[in-house]
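Have the model open beside you as you read.

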Amino acid sequence: MRSECINYGYSYESQLPVGRLVVQLADKAQVCTQRSWKRPYGVGLLVGGLDESGAHLYYNCPSGNYFEYQAFAIGSRSQAAKTYLERRFENFTDSSRGSLLKDALFALRETLQGEKLTSTNCTVAVVGVGEAFHILDKETIQGLINEFELAGEEEAPATTTDAAADAKPAVPEAGAPTDEGAAPMDI
């Protein structure tokens with residue numbers, strides 16, 4: 001992928017759009033599904049990037065399909081993280097950088113079974129407008145983890161009292177549009 005971006009920049013004197021890079025990657029994966037002597041790729045990829053049109057997050061399937069998301073998780077036990085992200089994704093556009101990092105770490109924590117989230121078992125990378133791609137150091141990650149764990153301990157008693165009030169099923173208003181069948185994280 002890096003060489004594709006370099007070649008495109010050399011040929012066209014501009015940066016390769018993230019969507020075009022993902023299409024090229026998907027085409028390579030899809031060819032393997034059409035040939036009987038080739039084995040399909042067995043790995044899905046999350047490709048995040050920033051171009052002239054903004055930030056993008058793509059999921060590239062081993063079959064050659066690709067989808068753009070605002071938030072997504074792949075891997076073992078990723079369903080818990082997806083559920084968390086689906087509940088919170090509407091707030092992401094108005095969130096600060098720190099709050100987005102905490103949401104990402106909390107979604108990651110949801111996937112752990114019997115393990116504690118620490119800076120030694122996770123890595124966080126950041127890319128954004130005016131911020132080049134970089135990987136956060138372990139101390140910064142551990143500080144963020146400690147912040148939301150302390151905040152979670154303070155909020156825990158308050159949320160248990162509100163659980164009975166939230167348990168009532170929400171009844172949509174008459175004539176209100178429903179989003180049945182729409183994937184909440186799709187753009």
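Strands β2 and β3 (residues 66-69) pair in the antiparallel sense over four bridges, where pairing calls for at least two DSSP bridges between two strands; strands are DSSP runs of E with at least two residues, helices are runs of H or I with at least four, and both are numbered from the N terminus. This is a predicted model, in which local features need pLDDT of at least 70, side-chain atom pairs count only at pLDDT 80 or more, and totals for chains, interfaces and linings use all residues. Residues are numbered from 1 along each chain as its sequence is written, and side-chain values use heavy atoms, leaving out hydrogens and water.

Across this pairing, Asn60 stands opposite Tyr66 in β3. Five residues lie between β2 and β3 in their hairpin, and Gly64 in the turn has a positive phi of about 105 degrees.

Now look to the other partner of β2. Strand β1 (residues 45-51) pairs with β2 in the antiparallel sense over seven bridges, and a hairpin of two residues joins them. Leu46 has Tyr59 of β2 as its bridge partner. Because six of the seven residues of β2 (residues 54-60) are buried, this strand is largely enclosed by the rest of the structure; buried means under 20% relative accessible area with a 1.4 Å probe, protein chains only.

Next, the cores: a nonpolar core is a set of buried Ala, Val, Leu, Ile, Met, Phe, Trp, Tyr and Cys residues joined through side-chain atoms within 4.5 Å. The largest has 11 residues, including Leu101, Val124 and Phe148. Helices α4 (97-110) and α5 (138-166) each supply at least two residues of this core.

Definitions and conventions. Buried < 20%, exposed > 50% of the residue type's maximum accessible area, 1.4 Å probe, protein only.
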